[in-house]
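User: Could you walk me through how to read the features of a model like this one? I would like the general idea each time, and then the case at hand.

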Amino acid sequence: MESQERKYYVCIRKKIHIKGLVQGVGFRPFVYRLAHQLKISGNVENSNDGVHILAIAPENVMQLFLYLLRTEAPQASHIDEIIVSDEAFDFNDNSFEIISSRNISDEITGISPDIAVCSDCLTDMKTQTHRLNYPFINCTNCGPRFTIIEDLPYDREKTSMKVFAMCDKCSGEYTDVGDRRFHAQPVACSQCGPEYELMLDGESVKDINFILSKCSSMISDGKIIAMKGLGGFHLACDAMNSNAVKRMRELKTREAKPFAVMFSSLERINENCIADEHQKQLIVSWKRPVVLLKQKPGSSVCGEVSAGLDTLGVMLPYMPFHHLLFEHLKTDAIVLTSGNISDEPIVIDNEEASAKLGPLSDALLIYNREIYNRTDDSVVFSANNRERIIRRSRGYVPDMIGLEFNADGIFAAGAELKNCFCYGKGKSAVMSQHIGDLKNLETFAFYKETAEKFKKLLRVNPAYYACDMHPDYMSTGYATGKGGEGIISVQHHHAHVASCMAENGLDEKVIGVSLDGTGYGDDGNTWGSEFLICDFEGYDRVTHFDYIPLPGGDKAADEPWRMAVSYLYRVYGNELLALDIPLLKAVPLDRIKLLMHAIDKKMNCPLTSGAGRLFDAVAAISGICYTNRFEAEAPMLLEAIADHSVNTAYPFEVKETLHFDQTIREIVNDVTELKGKSVIAARFQNTLIAAVLEIVKMIRKKSGLNKVVLSGGVFQNLYLLENTENRLKECEFEVFSHTRVPSNDGGLALGQLAIAARRLKGFK
Ligand code: ZN
Ligand code: ZN
Ligand code: FE
């Protein structure tokens, strides 16, 4: 090829193939403008595998062009790879053009997540006559993407905007390369685009100004509105009105689980919460996640919003409608919670909303553009100045995660709770949005449907199915039903560690620490505090928290007092009944005795090493929480209550396994001596950090390994995560933790995928 380079040209010719998230983010107009500025001739086109550029320019200009392509790229874009080749091509024009999209292979490029409305559009919404207060305004830099995409390449006909014919004005903008809406697929205006409709007392109204003033006056009056969002319906009410929030809890039968709150501005968030620079960056990012912050004492957001916890999940407006609504609202903060019934997926369909959310709300606000891919609001927090994801959905999905190896054609089924699945596509992993709890029938239907949608969108036909070892997981059943011969079963905590390795680009032996709730162990016990030496191919379980009966099995996770009795019975035997601790008054004595009997007789008492269960026990022994009102309430309260000025810890013992008998004894002493709960909570967490440090040091001494990988749901505990990381770093370990997928079971599928890929031959 090199010989064909045309030396008689002053200019050189390059083919440039850009892979990554480069579609639906204004990339082609950006390339076009750049080429014109630099007087480069050639063309740019979208194809299913990325953006292709032909460029003719003098050498130095070409270098500058390649440099600026990376450094000036649109903010929502993400370049994985730029492949430059010298291949000769016929091009004799000195213009630079955008040419239409092509489909050339089964390769695909990144698919853009949804992007919060940009500031230019907010200005246009007040100045462009055809978009005055138009709540579906968008441009190449912002707007719905994944939620409306049915197929690739990303073109209007392949989105749920296809039913809206562009008016002359919109199509003028769409085809004008100098316009910010050039090839903005969801482009629309008040004349031609989707519209809202408010259903109230059997009437329906479409006038947006009426809708806005009505919705805001209803919210001021303490009413609840079911409103269609970007990825599904929300229920909204005034976050500063405790009666409204209480009523929302009653209607949703959601006793205490915290609600997310949308604020009108960052200033209002600052008045109510404590946010450092990194947290502010997360809040204002175009992904607009719910960010967990410490709520300030005296905040005007009522206590019912995050009952008992010291944190508040906050977000900023991301749809044009949210901005318009806050212009009318008297309150600065509204609860915005998923529009669903108990554990069902968030409602996306207008009719279903009317049937299911109608009874839970005082008015129903719908619009006539279909949501094709359901997404929830994503939830994140900041630890050691890095983003940590708790729920990965809107704004994050379906951004791909680059792998060091090929995983093409593998489907990883994920866990049971907080399920996300994952597909391998070449050397990338594509995680689904948060699906939820698969035990719920509707959620499992959503799982199956979304797995099919991704298969089509990603053009994959899986030959291998990776899943958890747990025989009763619905996801395991799905994989075994599909996979035939190509099933790869993966141990739960090995998958957790592998997930963290994969997102950090590690492919070697490491020390893996998985502190978790529960997962199926390969000895049939319920694991959950695993210290592994592992790579993708396999693992050695070096040690774990000593096994203890889990009285009542799954019930134990809902009722922390059960684990308290289990630990106390182990330490004190029958003497436990003579202890002077509030637990013995809070739980009827006959229930405690019955449980002791069950433990003796090994009735429904599987053995567990779950770290989450030790949190439960300590929360109940110290009187913080006896029964969970929502999943993991006890550990969350324990985290919230801890006094971080306390730096002492309790004793523990390292034998073959880790023993916390002495820890429990000292906690009981502290409780009897009426030491504060906040002191006990802090000391207990310090104990765990010290225990992790000691074990990991021991493993380093024996194995020579120095890379430590932290994973599992317990690492959603901010205090534990930050301090474990920092203490390990002080001891000169290289520490790796999650930032791109959740450390909880929502990240599990990535680990399953990586393990499957490396175990299979031919996947180098
Ligand atoms: Zn915009
Ligand atoms: Zn229009
Ligand atoms: Fe787990």
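Analyst: Gladly! Let's begin with a term: helices (H or I, at least four residues) and strands (E, at least two) are DSSP runs, numbered from the N terminus. Leucine 674, for instance, lies in the loop between H20 and helix H21 (677–703). Please keep in mind that this is a predicted model.

User: Which residues does a cis peptide bond join?

Analyst: Valine 397 and proline 398, with omega at about 10 degrees. Proline 398 is found in the loop between strand E17 (386–391) and E18.

User: On to the metals. How do I read the site of the zinc ion (ligand 1)?

Analyst: Start from the ideal: angles at a metal are 109.5 degrees for four tetrahedral donors. Here the 4 donor atoms make angles of 103 to 118 degrees, and the site of the zinc ion (ligand 1) is tetrahedral. The protein donors are the SG atoms of Cys118, Cys121, Cys139 and Cys142, lying 2.3 Å from the ion. Their spacing along the chain is C-x2-C-x17-C-x2-C. One pair links distant parts of the chain: cysteine 121 in helix H3 (residues 119–127) and cysteine 142 in the loop between H3 and helix H4 (168–175), 21 residues apart. Cysteine 121 counts as buried, at 0% relative accessibility, and cysteine 142 counts as buried at 0% too.

User: Which residues coordinate the zinc ion (ligand 2)?

Analyst: Cys167, Cys170, Cys189 and Cys192, each through SG, at 2.2 to 2.3 Å. Angles of 103 to 116 degrees among the 4 donor atoms go with a tetrahedral site, and the donor spacing is C-x2-C-x18-C-x2-C. Cysteine 167 and cysteine 170 are buried.

User: Why is the arrangement around the iron ion (ligand 3) irregular?

Analyst: Because its 4 donor atoms subtend angles of 88 to 169 degrees, whereas four donors count as tetrahedral if all angles lie between 85 and 135 degrees. The protein donors are His492 (NE2), His496 (NE2), Asp516 (OD) and Asp745 (OD), at 2.0 to 2.2 Å. Histidine 492 in helix H13 (residues 492–503) and aspartate 516 in strand E24 (residues 510–520) are 24 residues apart, so this pair links distant parts of the chain. Histidine 492 and aspartate 516 are buried.

User: Finally, how many residues line the second largest pocket?

Analyst: Rolling a probe the size of a water molecule over the atoms shows where empty space is left. In the second largest pocket that space is about 420 Å³. The pocket is lined by 19 residues, with Lys19, Asp80, Glu81, Lys427 and Ser428 nearest its centre. By class, the lining has 4 nonpolar, 7 polar and 8 charged residues.

Notes:
Residues numbered from 1 in each chain as written. Chains lettered and ligands numbered in written order. Predicted model: local features only at pLDDT ≥ 70, side-chain atom pairs only at ≥ 80, totals over all residues. Heavy atoms only, no water. 1 Å grid on protein atoms, 1.4 Å probe; cavity = no way out; pocket = protein on both sides within 12 Å on 5 of 7 lines; lining within 4 Å. Points joined across faces, edges and corners; volume = space filled by probe spheres on them. Nonpolar A, V, L, I, M, F, W, Y, C, P; charged D, E, K, R; others polar. Donors = N, O, S within 2.8 Å, 3.2 Å for Na, K, Ca; no water. Tetrahedral: all angles 85-135°; square planar, octahedral: opposite > 155°, others 65-115°. Buried < 20%, exposed > 50% of the residue type's maximum accessible area, 1.4 Å probe, protein only.
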